[in-house]
Amino acid sequence: MKGIVLAGGTGTRLHPVTLSMSKQLVPVYNKPMIYYPLSVLMLAGIREILIVTTLEDITGFRRLLGDGGQWGLRLSYAIQSAPRGIADALIVGADHVDGEPVALVLGDNIFHGPGMSRLLRRAVAELTGAVLFGYPVADPQRYGIAEVDADGVLRGLVEKPAEPTSNLAVTGLYLYDGRAVDMALRLTPSARGELEITDLNRLYLELGEARVVNLGRGFAWLDAGTHESLLAASEYVRTLEERQGIRIACLEEIALRMGFISAADCYRLGEQLGRTAYGRYVMDVASAVQRAGLREVVR
């Protein structure tokens, strides 16, 4: 499966912070925002990933991430010249996808929860059509909502319903089979001039080939697109990391535990981060894994 991170847009809701930098390069606590969606794709076992961004921001992403080889990834980059909608990222990345199944994740979405890797890898292995990920919210009027029946079967998709019949919001993570690009090309722009991801999901639903995975209790889904949500996301990460002694979305650790890199490689990456708490954590993890011979993802 191929991966795409949509890291475009102008980040207007975070102005003036994003007047000179991409929103996805803004830190969420102790690491750049883009680390979080990248970690999701890595936990799903995906190693070929396209970063879709703007002409102004592509240099910054290249400087931060390079070709991804340090984490055992193959990163490439493409430019979305204007914000033409989430589904447009599939068209921009058509050559990258090349008819293969694809996971698309929004660059400002943060996911965290127990067994995340197992859940994602199972969804990838069982993929037919489209898989969406739902999350219960208190204010469904603000989101695209998945309507499900008593058995959890997806029956409808409604964008910001005035009178919602469900509180299951559709998150910014989507898995599609090899038809995704062709189906995205069939879409017509909405009233706001964008190719809507909900319209793509409805095409799959009309074919009876879309389902939703309810993340439910124990998981966290955060959208770090405003000043308030960015602060809340940073506080969430800080609290968990300090209390549990872990690092959320630590790409070095994930690469190691997924078997993308060796413990020696991981240790060297920690050394390169200097005398920081993050760098020391990476070296400690590498040392522990090397001693115990661990390989299985535990977070």
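Student: Which residue meets Arg155, side chain to side chain, in a salt bridge?
Tutor: A salt bridge is a side-chain nitrogen of Lys or Arg within 4 Å of a carboxyl oxygen of Asp or Glu. For Arg155 the N to O distance is 2.8 Å, and the partner is Asp149.

Student: What pLDDT do local features need in this model?
Tutor: Residues are numbered from 1 along each chain as its sequence is written, and side-chain values use heavy atoms, with hydrogens and water left out. The model is predicted: totals for chains, interfaces and linings use all residues, side-chain atom pairs count only at pLDDT 80 or more, and local features need pLDDT of at least 70.

Student: Is Arg155 buried or exposed?
Tutor: Buried means under 20% relative accessible area, exposed over 50%, and partly exposed in between (1.4 Å probe, protein chains only). Asp149, the partner in the salt bridge, has 22% relative accessibility and counts as partly exposed. Arg155 has 58%, so Arg155 counts as exposed.

Student: How many salt bridges does the structure hold?
Tutor: One group is a network of salt bridges that links Lys31, Glu241 and Arg247. In the structure the total is 17.

Student: How many residues apart in sequence are the parts that Arg211 and Glu126 tie together?
Tutor: Arg211 and Glu126 form a salt bridge, with 3.9 Å between the closest N and O atoms. Helices (H or I, at least four residues) and strands (E, at least two) are DSSP runs, numbered from the N terminus. Arg211 belongs to strand β12 (residues 210-214) and Glu126 to the loop between α5 (116-125) and β8 (130-136), so the parts they tie together are separated in sequence by 85 residues.

Student: What is the relative accessible area of Arg211?
Tutor: Contact means heavy atoms within 4.5 Å. Not counting residues up to four places away in sequence, Arg211 touches Ala123, Glu126, Ala130, Val131, Leu132 and Leu154. Glu126 is partly exposed at 47%. Arg211 is partly exposed too, and its relative accessible area is 33%.

Student: In which helix do Arg257 and Glu253 lie?
Tutor: The side chains of Arg257 and Glu253 meet in a salt bridge at 2.9 Å, N to O, and both residues are buried. They are four residues apart, about one turn of the helix, and that helix is α9 (residues 251-257).

Student: Is α10 roughly parallel or antiparallel to α11?
Tutor: Axes are lines fitted to C-alpha atoms, for helices over the stretch in contact, and angles run from 0 to 180 degrees between N-to-C directions. The axes of α10 (residues 263-272) and α11 (residues 277-292) come within 7 Å and cross at roughly 165°. Angles under 35 degrees count as roughly parallel, over 145 as roughly antiparallel, 65 to 115 as roughly perpendicular and the rest as oblique. The crossing angle therefore makes α10 and α11 roughly antiparallel.

Student: How many of the ten residues of helix α7 are buried?
Tutor: Helix α7 (residues 197-206) is mostly covered. The buried residues in α7 are Ile197, Thr198, Leu200, Asn201, Leu203, Tyr204 and Leu205. Of the ten, the number buried is seven.

Student: Which residue does a cis peptide bond join to His15?
Tutor: Omega of this bond is about 5°.

Student: What is phi of Lys160?
Tutor: Lys160 is in the loop between β10 (154-159) and β11 (168-176) and is exposed, with a relative accessible area of 53%. Phi is positive although the residue is other than glycine, and the value is near 45°.
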